[in-house]
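Follow along with me if you like.

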Amino acid sequence: MIQDEDLPVASAYKMLRTRVLQRMRRNNWTTLAVTGTCPEEGKTLTAINLAISMARDLSTSVILVDLDLRKPAVSRYLGVSPRYGISDYLQGTVELERTLISPGLDRLGLLLNERSFS
């Protein structure tokens, strides 16, 4: 995960953020999905770093949602252990507001899975 904005790799995410936000604004889109066809493609790391980069844009708020119900990994990468996750919300056992986490970065919220389903 890229936390230091001065690292060379951070500039690649800034460029990606700029292009994504331009396209989203031009098309009035409010949702972005990062998907792939195979495991270990870098989807999770890309989604995390792009979400962080987008949240650093003062005009953008981001909710990063981990919808991998089999092997959720965002919480592991970020070192957080949510009490409730999106699976609890989808099962109707908790309200959506109880599943949201603030990782301490302005304009970024997390909606994660707390466990895997196999």
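**Entry: Arg107.** I looked up Arg107 and found it partly exposed, with a relative accessible area of 29%. My cut-offs for that: buried is under 20% relative accessible area, exposed is over 50%, and partly exposed is in between, with a 1.4 Å probe and protein chains only. This is a predicted model, so I read local features only at pLDDT of at least 70 and side-chain atom pairs only at pLDDT 80 or more, while totals for chains, interfaces and linings use all residues. I count residues from 1 along each chain as its sequence is written, and side-chain values use heavy atoms, with hydrogens and water left out.

Arg107 sits in the loop between strand E2 (100-101) and strand E3 (108-111). I take helices (H or I, at least four residues) and strands (E, at least two) as DSSP runs, numbered from the N terminus. I also noted that Arg107 has a positive phi of about 70°, although it is not a glycine. Most residues other than glycine have a negative phi.

**Entry: Asn28.** Here I found another positive phi, about 55°, again on a residue that is not a glycine. Asn28 is exposed, with a relative accessible area of 67%.

Next I listed the buried residues of H1: Ala10, Tyr13, Arg17, Val20, Leu21 and Met24. They cover an arc of only 100° around the axis, which puts them on the same side of H1. That arc is taken from the directions from the helix axis to the C-beta atoms. My reminder to myself: an α-helix has 3.6 residues a turn, so residues three or four places apart point the same way. On the other side of H1, I found Pro8, Arg19 and Arg26 exposed.

**Entry: helix H2.** What do the buried residues of H1 pack against? They pack against helix H2 (43-55), where contact means heavy atoms within 4.5 Å. H2 has 13 residues and should span 18 Å, and its end C-alpha atoms are 18 Å apart, which agrees. The buried residues of H2 include Ala47, Ile48, Leu50 and Met54. I noted that the buried residues of H2 pack against H1, E1, H3 and E3.

**Entry: salt bridges.** I counted 2 salt bridges, each being a side-chain nitrogen of Lys or Arg within 4 Å of a carboxyl oxygen of Asp or Glu. Arg25 pairs with Asp57, with the closest N and O atoms 3.3 Å apart. Arg25 lies in helix H1 and Asp57 in the loop between H2 and E1, so this pair ties together parts that are 32 residues apart in sequence. Arg25 is partly exposed at 45% relative accessibility.

Lys43 forms a salt bridge with Glu41, with the closest N and O atoms 3.5 Å apart. Both came up partly exposed: Lys43 has a relative accessible area of 24%, and Glu41 is at 42%.

**Entry: Leu67.** Last, I turned to Leu67, in the loop between strand E1 (62-65) and helix H3 (74-78). Leu67 is exposed, with a relative accessible area of 58%.

Note on methods: The expected span of a helix is 1.5 Å times one less than its number of residues.
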